[in-house]
Amino acid sequence: MLQAERSNFGYLARRLDRAVEQLVHRHFCHFSPSETWIPAINAYRLPDRIEVCVDLAGVAKDSIDIQAQPGELIIRGLRTPPQPEHEPDESIEILAMEIDHGPFQRIVRLPASVDIAGVSASSDEGLLWIRLPLAAPTQSHVEPT
């Protein structure tokens, strides 16, 4: 009888371990901070420009670097992990951490017709808007004969 009880106890212990592992995975599966992250973008082509909207909520303006060069737009920066206000000696227990933080880089391919010298940017409610004017198309002038 003792052997059967030990066998049942071992079975129950393994089931409990598996249930706890599944619970932790289900609630904290995104709790593995990464080295870098990639912000989401929307890109739009208008008749005279391309506009790129970058989701940079919580990123300080002075930590953003924008480089426009022929064929590509490079956006780099750093987002620090958000934390609640607390006293220096007050402990914080992390229950979930899903907001990406750390350094980021995003490269957007550009058409050759972008006028790199006229690029401008502004931010509004956590969104970075980058305006890339398109060079005026060269029209071939045909002389009448």
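Which residue's side chain does the side chain of Glu72 join in a polar contact of 2.7 Å? Select Glu72 and look for Gln69: their side chains are the pair. A polar contact here is a pair of N or O atoms within 3.5 Å; within protein, one must be able to donate a hydrogen and the other to accept it, and residues adjacent in sequence count only if both atoms are side-chain atoms.

Before going on, some ground rules. This is a predicted model, where local features need pLDDT of at least 70 and side-chain atom pairs count only at pLDDT 80 or more, while totals for chains, interfaces and linings use all residues. Residues are numbered from 1 along each chain as its sequence is written, and side-chain values use heavy atoms, with hydrogens and water left out.

**Zoom out**

Switch to cartoon. Helices (H or I, at least four residues) and strands (E, at least two) are DSSP runs, numbered from the N terminus. Of the contacts between residues at least 6 apart in sequence, 57% join residues at least 24 apart; contact means heavy atoms within 4.5 Å.

**Colour by pLDDT**

pLDDT is the predictor's confidence in each residue, from 0 to 100. The protein averages 83, and 76% of the residues score at least 70.

Glu72 sits in strand β4 (residues 72-79). It counts as buried because its relative accessibility is 16%; buried means under 20% relative accessible area, exposed over 50%, partly exposed in between (1.4 Å probe, protein chains only). Across the protein, buried residues make up 18% of the 145 residues. Show what Glu72 touches, leaving out residues up to four places away in sequence: Gln67, Ile107, Val108, Arg109 and Leu110.

Now pick Arg109, in strand β5 (residues 102-109). Its side chain makes a polar contact with the side chain of Glu72, at 2.4 Å. Beyond four places in sequence, Arg109 is in contact with Gly71 and Glu72. Is Arg109 buried or exposed? Exposed, because its relative accessibility is 60%. For a distance check, take the C-alpha atoms of Arg109 and Ile74: they are 35 residues apart along the chain and separated by 8.8 Å.

**The largest pocket**

Select Pro81, Pro82, Gln83, Pro84, Ile92, Glu93, Ile94, Ala96, Met97, Glu98, Ile99 and His101, which line the largest pocket. A pocket is an open set of points on a 1 Å grid over the protein atoms alone, where a 1.4 Å probe fits, with protein on both sides within 12 Å along at least five of seven lines; lining residues have an atom within 4 Å of a point. The volume is about 230 Å³. Keep His101 selected: this residue lies in the loop between β4 and β5, and its side chain reaches the backbone oxygen of Ile99 at 3.4 Å. His101 is buried, with a relative accessible area of 18%.

**Last stop**

Finish at Glu125, in the loop between β6 (120-124) and β7. Glu125 has a positive phi of about 55 degrees although it is not a glycine.

How values were computed. Points joined across faces, edges and corners; volume = space filled by probe spheres on them.
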